[in-house]
Amino acid sequence: MAENIQFISLEDILSEDLSVVTEKIPVQLLNGKYIELEIKAITQEAEVKIRKRCTKYEGSKKGVRTPVLDEVLYSSLIIAEATDVDWKKFAEKVGAQVPAPEFIIPKLFSMGGIVRATQGITRLSGIDEDMEDLIEAAKN
């Protein structure tokens, strides 16, 4: 992945269009059909906020507490943040009791679809990039 990186100078940023980048990816629904989901990059602040919301701590209050990430909730909120879909419209269709993305997305997308959408969003947002790969690419 590091070989596809485009570097620009700091001065080039002044003439660069820094608007949000979007991409369309195929995502599988629970019924086996595919949709083309338009995703956009999310900010670091949004990801941190979502990660905090999805992290629970196990263990006693006096002992060691271990953080545990609710991955389905995390993926659902990442997908909701990175799309311009009105998820509430799908609540009745999928039988969600509450019209919130975390209850709708798992009933609409297949598990593979959720993973693919989440991976596409993290890639587009630069969250999945390994720093060692970026350093090596910069050296070459």
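The buried residues of helix 5 are G113, I114, A117, T118, G120, I121, T122, L124 and S125. Buried means under 20% relative accessible area, exposed over 50%, and partly exposed in between, with a 1.4 Å probe and protein chains only. Helices (H or I, at least four residues) and strands (E, at least two) are DSSP runs, numbered from the N terminus. This is a predicted model: local features need pLDDT of at least 70, side-chain atom pairs count only at pLDDT 80 or more, and totals for chains, interfaces and linings use all residues. Residues are numbered from 1 along each chain as its sequence is written, and side-chain values use heavy atoms, leaving out hydrogens and water.

What covers those buried residues of helix 5? The cover includes strand 1 (22-28), strand 2 (34-40), helix 2 (71-81) and helix 4 (101-108). Contact means heavy atoms within 4.5 Å.

Helix 5 covers residues 111-125. Its 15 residues should span 21 Å at 1.5 Å a residue, and its end C-alpha atoms are 21 Å apart, which agrees. The expected span is 1.5 Å times one less than the number of residues. Just after helix 5, G126 takes a positive phi of about 80°.

M111 also belongs to helix 5. M111 counts as exposed because its relative accessibility is 54%.

Now turn to helix 1 (residues 44-54), where E47 sits. E47 counts as buried because its relative accessibility is 9%. Leaving aside neighbours within four places in sequence, E47 is in contact with I42, Y74, I78 and I127.
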